[in-house]
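Student: Please put the model on screen, and we will go through it by question and answer.

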Amino acid sequence: MCDHCGCSQAVSHGHHHGEAGETAGHGHAHEHHHEAETRTIELHRSLMALNERLAEQNRGYFKARHTLALNIVSSPGAGKTSLIEATVRALSGEFRMAVIVGDLATDRDAQRIRAAGAPAVQVTTGTVCHLDAHMVQHALENLGDAPVDVLFIENVGNLVCPASFDLGERLRVVVLSVTEGEDKPLKYPSIFQSADAVVLSKIDLALAAGFDREFALANIRTAAPAARIFELSAKTGEGLEPWFNFLRAHAPIRRVS
């Protein structure tokens, strides 16, 4: 169940309440609505607690296998897949990388990642606007037993719901493109507050988009004062090296020489 929009609620229950003494159209008394609300809240708490337990299992799995797991989040079209493609192409000689990709439909992003040179498992979530720890566990089963030094978990494009779901990752990275507006960190503070790093992407389009860099950086620092900030373009390659060095600094083991 999603913490914010209820996109994956197992129980959908609502009906119109009439005037005092009037029962709803299907004959239920007024008190029934509040009982349903109570059950929904209990179910929500139970599912979130389950996700936390599964996320801890994932974290233990990654630690035992010396895998750096990154949860990459953004709004749709910010450049998550392009960033991962560029990283896979540049660092495949240093790390064994793999990718779990979350989308509502299609496996187009997973195909792009495979073409770049890394194994990828696509998770199609249907109407669910985020990945959760259970989905990641199933995707890990499909990745197999080959060692992985760096695992990118490309979350569903959404700046709201993924903020609530721990996947067991070591690092959470928010990607924000220059075409989205400088005030996104202030409008969606939760996802930025939980970020270890913020990638300001598509900087090759900054001039054309009339992007106010200083205003954007100030907003990022307000929402995520402890996060590392990277300004880069996956298309031109500008600014990628500091991002690569960030991965090199956090990846526990390099198996490829």
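Tutor: Contact means heavy atoms within 4.5 Å. Axes are lines fitted to C-alpha atoms, for helices over the stretch in contact, and angles run from 0 to 180 degrees between N-to-C directions. Helices (H or I, at least four residues) and strands (E, at least two) are DSSP runs, numbered from the N terminus. The model is predicted: local features need pLDDT of at least 70, side-chain atom pairs count only at pLDDT 80 or more, and totals for chains, interfaces and linings use all residues. Residues are numbered from 1 along each chain as its sequence is written, and side-chain values use heavy atoms, without hydrogens and water.

Student: At about what angle to β7 does helix α8 run?

Tutor: Helix α8 covers residues 213-223. This helix lies across β5, β6 and β7, and its angle to β7 is about 155°.

Student: Which strands stand at the edges of the sheet?

Tutor: Two strands pair if DSSP finds at least two bridges between them. The open sheet has 7 strands with parallel pairing, in the order β3-β2-β4-β1-β5-β6-β7. A strand with a single partner has one side left without a neighbour in the sheet, so the edge strands are β3 (120-124) and β7 (228-231).

Student: Which residue of β6 stands opposite valine 173?

Tutor: Strand β5 (residues 171-177) runs parallel to strand β6 (residues 197-201), and 5 bridges join them. Opposite valine 173 stands alanine 197.

Student: Which residue meets arginine 59 in a salt bridge?

Tutor: A salt bridge needs a side-chain nitrogen of Lys or Arg within 4 Å of a carboxyl oxygen of Asp or Glu. The structure holds 11 salt bridges. The N to O distance is 2.8 Å, and the partner is glutamate 56.
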